[in-house]
Amino acid sequence: MLEVNGLVKLYGKQKAVDEINFSLEGGEVVGLLGPNGAGKSTTMKCIVGLLRKTKGEISIGGQDHLSTAAKKLFSYIPETPSVYDLLTVEEHLQFIAQAYSVKEWKPRAEELMLTYDLLDKRKKLGRDLSKGMRQKVSICCALLSDPQVLFFDEPMIGLDPKAIRNTKRIFRELKDKGKTILVSTHLIESVEIIADRIMIMKDGKIIGNDSLGNLKAAFKTGDQITLEDLFLELTKDE
Ligand SMILES: Nc1ncnc2c1ncn2[C@@H]1O[C@H](COP(=O)(O)OP(=O)(O)OP(=O)(O)O)[C@@H](O)[C@H]1O
Ligand SMILES: [Mg+2]
């Protein structure tokens, strides 16, 4: 469902992403971990076409990632939520429904606004929303089109505890529906249970890419070790 081959992204002379290769099968949920500055967001932005890649090939659903066909397949939740200043919460959902030709979108939009405590904010303009509310609108918009593939960049940041719990539940539901998900996060426990695979980035490279069980086995650690322990061990400076 996603193929990334030889992806390189330079910012000036700095290599933020350094020749990475990975793929996601349909229905796979993959957690993307890595210290600040590892290149997670840059990788996602290149995949979704927000940043021009320096080198490499990316396909989504077998189509070039910049094609219209590929763009119809996925949603992206950016690390910094951006909303339209002059659209209300409900107008954001209406806009997405129209842009993606979502039929019968209203009940789903109501359900999403209820889940994320946005019903009483439905008439509020984007510019008047708090950071957490913007994040909630961004998540609702991404879910409304019911995409096959979802790219979440730090989805829990700024959310209140109830929204975090609901987002975890939604992840499980998306997984059960066979959606393909790449989620970057620093909240390791939020992906530990649902991820089929963990990818760990450091300095623009992928330094670990396997199931949690295999990662633990490769490091000859006992079963008691947590993903957090493993992450800190893998990413520590020599
Ligand atoms: N617009 C930019 N211009 C120049 N350098 C950038 C830009 N965006 C990111 N970088 C650099 O690229 C590297 C990777 O950044 P990126 O945002 O992809 O990391 P990240 O893994 O998402 O980190 P975080 O966990 O803090 O979100 C960092 O060294 C960062 O300073
Ligand atoms: Mg980031």
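By class, the shell around ligand 1 has three nonpolar, seven polar and two charged residues. In this classification, Ala, Val, Leu, Ile, Met, Phe, Trp, Tyr, Cys and Pro count as nonpolar, Asp, Glu, Lys and Arg as charged, and the others, Gly among them, as polar. The model is predicted: local features need pLDDT of at least 70, side-chain atom pairs count only at pLDDT 80 or more, and totals for chains, interfaces and linings use all residues. Residues are numbered from 1 along each chain as its sequence is written, while chains are lettered from A and ligands numbered from 1 in the order in which they are written.

Ligand 1 is surrounded by Y11, Q14, A16, G34, N36, G37, A38, G39, K40, S41, T42 and E79. A residue is near a molecule if its C-beta atom, placed from the backbone, lies within 6 Å of it. Two elements, β2 (14–24) and α1 (40–48), each give two or more residues to this shell. The largest share comes from α1, with three residues. Helices (H or I, at least four residues) and strands (E, at least two) are DSSP runs, numbered from the N terminus.

The protein is assigned domain 1 (1–73 + 147–238) and domain 2 (78–146). These bounds come from an automatic or database domain assignment. The C-alpha centres of the two domains lie 24 Å apart. Across the boundary, 14 residues of domain 1 are in contact with 13 residues of domain 2. Contact requires C-beta atoms, placed from the backbone, within 7 Å. On the domain 1 side, β7 (149–153) and α6 (161–176) each supply at least two residues. Helix α6 gives the most, four residues. This side has seven nonpolar, four polar and three charged residues.

Terms used: Contact = placed C-beta atoms within 7 Å.
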